[in-house]
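Trainee: I'd like to learn how to read helix packing and chain contacts. Could you walk me through an example?

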Amino acid sequence: MMEAAATSGAYWLRLIIGLVIVLIFSQLNALFLVWLERKVAGHIQVRLGPMEVGPHGLLQTIVDGIKLVGKELITPARADRILFVIAPVLVFTPVLVAFLVLPFGPDLIIRDMNVGLLLIFAFSTFSVLAILVGGWASNNKYALLGAIRSVAQAVAYEIPLLLSVMSVVLMVNSFRFSELVMAQQRVWFVFLQPVAALIYFICATAETNRAPFDIPEAESELVAGFHTEYSGMRFGLFFLAEYTNMFIVCAVATSLFFGGWHGPFGFSFKIPGVVWFLAKTYVLLYVLMWFRWTFPRVRFDQLMNFSWKVLIPLSMLNLVITALVLKLI
Amino acid sequence: MELFLFVVFSLITLVSAAAVVWHPHPVKSALFLIVTFFAMGGLYLLMQAEFIALMQVLVYAGAVMVLFLFVIMLLNLKPRGEDRSAFRKRLRWAAPLILVFLGAALTAVTSPLAQLGPSAGQGVGWVESQGGNVRAVGRALFTHAFLPFEVTSVVLLVAVVGVIVLAKKERR
């Protein structure tokens with residue numbers, strides 16, 4: 001099907017429409033998530049959160065965004081100018097690439113690549129790279145410290161993340177998102193692979209630098225971590241990338257463990273797949289926010305020990321057991 | 001289109017590879033190396049080897065280079081000075097090294113292992129007959145290339161153990 005469409009104009013039209021939708025969606029999603037985060041934080045701390053602009057403060061982030069755009073872009077005098085400017089762009093681009101393969105619905109995948117799952121993880125390492133470049137180019141000790149912490153953390157948590165994902169891939173025998181989701185028509189993988197799902201979600205929290213794993217930008221120790229020197233929309237891009245990244249890890253979790261566009265146990269209640277997919281993703285996002293306002297920040301050595309001594313052996317074991325069971329059945 | 005992309009990716013690979021060597025600043029050298037790896041990933045993609053391409057990006061351009069940069073930034077290496085004499089001294093090793101490398105590359109290409117893959121002009125068909133990209137690589141790794149694969153992993157293990165031993169000694 002792909003080959004037949006590749007030559008026609010419909011193919012390009014599809015790509016362009018997809019790109020525009022993705023760009024609009026990622027902005028709206030970030031705006032909504034920032035608002036939701038502030039609301040969740042507010043209600044968990046028994047206050048209301050933003051209430052002034054729009055109904056229940058819904059337009060607050062738009063106003064904040066306009067403020068950010070209007071702010072002056074400051075480049076520190078001793079910073080590495082080129083790298084300093086490139087870093088925010090570099091952090092946002094790989095995030096957009098992930099939308100290329102995310103399965104929003106049976107017919108709502110821009111390109112259903114046979115290595116789709118790998119594509120997301122391959123490009124997600126680039127945001128770490130961008131953070132490192134940005135932190136170093138700022139020529140600021142807090143920024144550099146934040147960047148270095150971020151890398152140590154990302155390297156430690158990438159391994160169990162990939163291992164936990166691999167056990168699902170073993171069961172389906174494919175990296176293709178549509179096949180991964182189709183395999184969960186009756187039973188979601190969260191029931192067959194609860195350990196992998198748990199490890200994935202913990203690692204995803206760490207990968208997105210969210211509390212309790214937010215030491216790269218620990219406000220109380222590092223000012224703001226790697227983006228200390230960034231102002232205006234350059235800071236805005238880091239922010240945008242972080243929230244879009246959160247959406248992506250939750251969307252991947254939805255399609256790997258929570259059945260993607262399928263309803264529970266094969267019942268779809270005549271609700272379209274996209275709605276299921278988005279609903280599940282946003283529930284997971286809510287859980288991610290819930291984490292942040294419930295758990296205190298972990299210490300750096302605890303963080304590293306937890307990954308290297310608990311998560312990696314556990315995910316390795318889970319992978320071996322999965323392979324054994326699959327071989328025996 | 002394919003030829004055009006090939007030229008673009010090869011040019012990026014070659015130019016940034018040269019920049020890795022010539023750039024005086026270690027951090028930027030490492031960044032150019034990332035660009036090189038990335039463009040090489042593009043070349044693999046042109047050969048319809050999506051799996052290898054993504055592995056190239058995931059492992060080399062991503063994980064390995066992040067660690068490289070991490071160490072360079074941690075040590076806070078300064079740009080090397082304009083000391084050309086040391087560079088010239090090292091240059092005399094360049095010719096024999098290039099010869100060794102060329103020899104190794106030639107043996108690799110003419111070795112029986114190189115015959116595993118498809119012959120020229122039928123790459124895509126061959127990969128399809130193996131049941132896709134990932135299967136083709138996996139099958140090759142665990143059957144014909146099993147010995148080199150295992151030897152490589154042992155060598156890596158030795159390196160890891162060696163690093164741990166060295167690092168531990170320093171702490172005392």
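Trainee: At roughly what angle do the axes of helix 9 and helix 13 of chain A cross?

Mentor: Some ground rules. This is a predicted model: local features need pLDDT of at least 70, side-chain atom pairs count only at pLDDT 80 or more, and totals for chains, interfaces and linings use all residues. Residues are numbered from 1 along each chain as its sequence is written, while chains are lettered from A and ligands numbered from 1 in the order in which they are written.

Helices are DSSP runs (H or I, at least four residues), numbered from the N terminus. Axes are lines fitted to C-alpha atoms, for helices over the stretch in contact, with angles from 0 to 180 degrees between N-to-C directions. Here, helix 9 (residues 194–207) and helix 13 (residues 300–328) of chain A cross at roughly 145°, their axes coming within 10 Å.

Trainee: Which residues of helix 13 of chain A make the contact?

Mentor: Contact means C-beta atoms, placed from the backbone, within 7 Å. Helix 13 of chain A uses L311(A), L314(A), S315(A) and N318(A); among their partners on helix 9 of chain A are I199(A) and I202(A).

Trainee: And how many residues of chain B are in contact with chain A?

Mentor: 18 residues of chain B, against 19 of chain A. Helix 3 of chain B gives the largest share of chain B's side, 13 residues.

Trainee: What about confidence in chain A?

Mentor: pLDDT is the predictor's confidence in each residue, from 0 to 100. Chain A has a mean of 80, with 94% of its residues at 70 or more. Residues 1–5 of chain A, though, fall below 50.

Note on methods. Two residues are in contact if their C-beta atoms, placed from the backbone, lie within 7 Å. Helices (H or I, at least four residues) and strands (E, at least two) are DSSP runs, numbered from the N terminus.
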